[in-house]
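I opened the model and kept notes on what I looked up. The structure comes next.

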Amino acid sequence: MQYAIPTAPPWWSRLFSRMPRTEDAPEWGHRLRLGTPYDDEPPPTLTELYQARRLDMVRLALFLVDDLHTAEDVVQDAFAAVCRSHGTSLDGLQDPGAYLHTAVVNAARSVLRRRRTARAYTPPHQGYGPPVDEGLLLAEEHRQVLDALAQLTQRQREVLVLRYWSELTEAQIAQTLGLSRGTVKSTASRALDVLEKKLGAGR
């Protein structure tokens, strides 16, 4: 049976298209795309992975945790996990990009679990103001994306972010999140319905 994630409404695609992306380094960036076979080429090093993907991973984490400082910590933890598991040479790692996506999602989940636990015992309070460099990643229109995502469940948010920001296929999303392809499809469909009802299809 063939599954296909539904097409996002135009307003949703426009929101994501406003977020800047990092260009791959021309010498070796092509080797860090998900699903790219290396054949006779050596795998990229951890340094190459960091230089080519760190900023995009921070933006991915930002969509998941809704806080820039936390997103940076999430990505740092993810790279540390990659290093602990595979060293700096990444020998034996067939798809570093896919592995990094999974590491970032798992680190974000851990943060959200700790956040929920803390909120259960701590009265709500106002957080610190945004850092001076947050404008580089989070302009006013980008807040629309985060506000929309905040209305979704954790799984819905992960599926939509991986599909429409990271541009993963449904098979890659299923592998990253440990879900079936059918669950990825149905989750994306429900999430888009929620957003359309709340924000309107003609946005």
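Which residues in H2 meet which residues in H3? I found Leu 46, Leu 49, Tyr 50, Arg 54, Met 57, Val 58, Ala 61, Leu 62 and Val 65 in H2 meeting Leu 68, Thr 70, Ala 71, Glu 72, Val 74, Val 75, Gln 76, Phe 79, Val 82 and Cys 83 in H3. Contact means heavy atoms within 4.5 Å. The residues of this contact divide into 15 nonpolar, two polar and two charged.

This is a predicted model: local features need pLDDT of at least 70, side-chain atom pairs count only at pLDDT 80 or more, and totals for chains, interfaces and linings use all residues. Residues are numbered from 1 along each chain as its sequence is written, and side-chain values use heavy atoms, with hydrogens and water left out.

I looked up the helix axes next. Those of H2 (residues 46–65) and H3 (residues 68–86) come within 8 Å and cross at roughly 140°. That makes H2 oblique to H3. (Angles under 35 degrees count as roughly parallel, over 145 as roughly antiparallel, 65 to 115 as roughly perpendicular and the rest as oblique.)

Then I checked two loops. Asp 66 sits in the loop between H2 and H3, and its phi is near 65°. Asp 66 is partly exposed, at 29% relative accessible area. Leu 90 lies in the loop between H3 and helix H4 (96–121); its phi is about 60°. Leu 90 is buried, at 0%. (Buried means under 20% relative accessible area, exposed over 50%, partly exposed in between, with a 1.4 Å probe and protein chains only.)

Last, I noted confidence. The chain averages a pLDDT of 76, on a scale from 0 to 100.

Methods:
Axes are lines fitted to C-alpha atoms, for helices over the stretch in contact, and angles run from 0 to 180 degrees between N-to-C directions. Helices (H or I, at least four residues) and strands (E, at least two) are DSSP runs, numbered from the N terminus. Ala, Val, Leu, Ile, Met, Phe, Trp, Tyr, Cys and Pro count as nonpolar, Asp, Glu, Lys and Arg as charged, and the others, Gly among them, as polar. pLDDT is the predictor's confidence in each residue, from 0 to 100.
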